[in-house]
Structure formats: structure tokens, C-alpha cells
Amino acid sequence: MAVAAQRLGEIGESDVPRLTVGIGELDRVLGGGLVPGSLILLGGEPGIGKSTLLLQAASSLVRGSAASATVLYATGEESAAQVRLRAGRLGLLLGPAAERVSILAEHDVGRIIDVARAFGPVTLIVDSVQTATTDELDGPAGSVGQVRESTVRLMDFAKSEGVAVILAGHVTKDGSIAGPKTLEHLVDAVVNLEGEWFAALRVLRASKNRFGSTEEVGVFEMAEAGLVEVADPARAFLVEHATPAAGSVVAPTMEGSRPLLVEVQALVTPATYGNPVRRASGLDQNRLNLLTAVLGRRAGIALGSHDIYANLAGGLVVSEPGLDLPLALALASSLRDRPIAPGTVVIGEVGLLGELRGVAGLERRLREAARLGFSRAIVPQGRRDRPTPEIAGVRIDVAETLRDAIERAFSEPAGRSDAVPAMLG
Ligand code: TYD
Ligand code: MG
């Protein structure tokens, strides 16, 4: 058969059909729901909540779709009884899931696909790719060959049957999914569930999405009855302090189209021996090193002989350059052991010369800060064509340089806890 190319203008505007999961934060990250015929990889460290989210998604899918719609949940990690136990804990046994979500305790991909063909589910879930095997290969479950081949076969199934397939994948400590980064280019979307096991908050983020943006994040909280969508993500990562804390700076960041307020924390102590420690978690290590150098050379804040620890509260990971200035001020605040006045937010990129650069979407960020009770912002000078916004209730301190920003930050007494805005009190 001859293969014909189509002129761009001839190609119809076929909207990508979507299967809404019905969990808003998940649909948001997927780009509006599951695309039939697509293969999605849900990555995350063991114990982070992948199986929980998938079972909740299965239940929500059948609740929201036609009465004939079913979901097949194949698990190579747990027995059917174990999955039932979790479903009970999640309160799913009383809903439509009891009838229309089926559990298949099976690791052989060939058999999973046979059952799925017979079943005709709207979505097939395979938990996890590390336990999936195909009989054509000899390697053990979890080996690169097995993981790849299993993924390829599930992809073929998804495409040929028009069924959305979701694969759970354990991410190893260094961040790769079962070693094979190679999986990522096979699948249509890679969605990661992140968080610290000791903290309740979970962030869902797409690192690849053929059918949507990779900018949006979803925020959940791991609770007694599974993952709960966080109603007001903007404030979810803020921590309450009884009294103003030295080394803490609140920054209005953006994750996709969503403003999130985060607390940057720094601890600076004289190094005791050897090379000083420089440790960043949730923040870019290279930026920390660079800011330490810039603070020394351009703002007279010498940290060369200090151990430095920096992190984002709540286990969040943010990489935007706008966190430079909050981090720099947190370092200065910790070194001086002087808190920055409560009710202050800080945002801006710092250059090598100690100059400050503006961030995109400043107005939205500051509006959100105002909504959450913040009354003062330290920000860089806007460009001439992008003047500094005016926000009711927020005093905006425009800083020219890093040195200037530091002076402004400490120009006001930090006050006591009664000066903390209502939301922090
Ligand atoms: P799980 O979904 O099994 O993680 P994964 O599949 O990514 O390995 O979730 C594991 C953790 O979540 C487990 O330590 C218990 C906790 N959890 C809750 O706190 N609440 C719940 O309702 C459920 C089901 C699990
Ligand atoms: Mg699991």
C-alpha cells in the first residue's frame, strides 16, 4: 500500500479525546485526562504512594464513566487479597469499584494482555514494570531487557486496542526508573510522584507528556484514607513558626500556571574541619555554590569557612532561578542570626555581578502572597516594558542589587510572633 503524506492544511483538527479520571490534580498533570491508546509511566520511590494513587484512579475512572466501563488492575507485587485490603482502607469497596475494577495478580505480560483483550477495560493498570516479565526473554524480572520488552508489548497493546495503559515504576535513589532511562522515550508520558516519606505532602509532576504540558503539578496529602487532593496548594508548603526564624525566607514561586509559596531555609555554621559542607535539598546545589561565591564577592557576606545547609520546607523540589534571591537572603539571615520581618516574600534571580533579574508572572505571584496574608515583597527592578505591579495590601520594595536587597531585608526589626500575619499565627 502506498503511504501518502498529508498537507498540513488538509489535516483535520481532531481534538485528542480524553478519559477524565475524576481526580482533579491527576487530570491536571495528565493534561486533562488519559488519552485512549496512550502508555503512561507513573514513577516514584518505593512506598511513596503509587499503588494507592492507581487504585484510587481506577475507582474514580469507573465512577465517572459509563456503567459498562471497567478497569483492569494487574499486580505482580501483591496478592489480590492485599489489594482488596487496601481498597477497603481507601473506602472503595462500597462504590462502583467493587463491581467494575478487577484485580489480576499476574506478572506475565502476555497473560495480562490476554486477559485485558478479553475484558476490554477502558484502562489497564500494571503495577509494576519491575515485576513484569515476558516469556520470550530469559532475564530476571526487573532487568533492563525484561522491563523494556514488557513496556514495548504493553505499548503495542495500548495502541492496537485504543486502551490507556498506566505502568507503575519504582525509581531508584539516583532518580532513574529501574536503571533504564530508555523507558522514558518509549512511553507517551512520564509522571512522577515525589515527596519525602516522612512528610505527608506529595507532588505529582510530568517529566514528559506527548499530550500535554510538563509544567503543571498536582499536590496531594497522604492521609489515613489514601491520597487527598490539597485544596489550597499555594499555602501547603508553608510552615508555621511561633516566632520569626533566622534563616527562613518565603518565596512566591510558580509551578506551571500555579503559584506556590515555599519556605527557603538556610543554616550557616562555622566549619569545624576540612572542606566546608555545602548541602542543598530541594534546591539546585550549583546555584547554592554560586550564590555563596556571589554573596562573598558582591555583598560582603563571607561564607567561605562555614558549613551551609539549604532546603525547601515540605520536601518540595523547585528549580526556578527566582529562588536565588530568597536563598541568598536566607543565608544572610542565618549568618547574622537575624530573622527577616514576618509577612515578607522575596523573589528574584541573582547574576554573577550581584545584579538582580526579574521573574515572569510577578503580579500573579504577589497577588497570591497578598491573598495568604503577606504584606511586603522584596523584588528586582522590572524591565522598562514590564513595570513593577501594584498589589493592594502589599508594600513592594524594589531592590537594585543583591547588596541593596540585603539592606532592605534587614532594615526592619523582625518583631515578635504577634507581627506574624494571620495565616501563620
Ligand atoms: P503505596 O501506594 O503502597 O506505595 P508504592 O506503591 O509507591 O510503593 O503506599 C505506601 C505507603 O502509603 C505506606 O507506607 C502506607 C501509606 N498509606 C497511607 O498512609 N494511607 C493509605 O490510605 C494507604 C493506602 C497507604
Ligand atoms: Mg506499590
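In this predicted model, helix 2 makes the greatest contribution to the shell around ligand 1, supplying three residues. The elements that each give two or more residues to this shell are helix 2 (50-64), helix 3 and strand 8 (217-223). Altogether, 16 residues surround ligand 1, and the closest are Gly 47, Lys 50, Ser 51, Thr 52 and Gly 226.

| Residue | Part of the residue | Atom of ligand 1 | Distance |
|---|---|---|---|
| Ser 51 | side chain | oxygen | 2.8 Å |
| Thr 52 | side chain | oxygen | 2.5 Å |
| Ala 223 | backbone | nitrogen | 2.8 Å |

On its own, ligand 1 has 550 Å² of accessible area, of which the protein covers 75%. The space that ligand 1 takes is the second largest pocket.

Ser 51 also touches Glu 78. Glu 78 is found in the loop that runs between strand 2 (71-75) and helix 3 (80-89). Its relative accessible area is 18%, and Glu 78 is therefore buried, since the limit for that class is under 20%. Leaving aside residues up to four places away in sequence, Glu 78 is in contact with Ser 51, Val 83, Arg 86 and Ala 105. With Arg 86, the side chain of Glu 78 forms a polar contact of 2.9 Å.

A further loop, between helix 8 (233-236) and strand 10 (248-255), holds Thr 243. Thr 243 has a relative accessibility of 37% and so counts as partly exposed. Thr 243 and Pro 342 are 99 residues apart along the chain, yet their C-alpha atoms are separated by 8.9 Å.

Definitions and conventions. Residues are numbered from 1 along each chain as its sequence is written. Chains are lettered from A and ligands numbered from 1 in the order in which they are written. This is a predicted model: local features need pLDDT of at least 70, side-chain atom pairs count only at pLDDT 80 or more; totals for chains, interfaces and linings use all residues. Side-chain values use heavy atoms; hydrogens and water are left out. Helices (H or I, at least four residues) and strands (E, at least two) are DSSP runs, numbered from the N terminus. Buried means under 20% relative accessible area, exposed over 50%, partly exposed in between (1.4 Å probe, protein chains only). A polar contact is a pair of N or O atoms within 3.5 Å; within protein, one must be able to donate a hydrogen and the other to accept it, and residues adjacent in sequence count only if both atoms are side-chain atoms. Contact means heavy atoms within 4.5 Å. A residue is near a molecule or strand if one of its heavy atoms lies within 4 Å of it. Accessible areas come from the Shrake-Rupley method with a 1.4 Å probe; for residues, only the protein chains shown count as cover. On a 1 Å grid over the protein atoms alone, a cavity is a set of points where a 1.4 Å probe fits but cannot get out, and a pocket is an open set with protein on both sides within 12 Å along at least five of seven lines; lining residues have an atom within 4 Å of a point. A molecule sits in a cavity or pocket if more than half of its atoms lie within 2 Å of its grid points.
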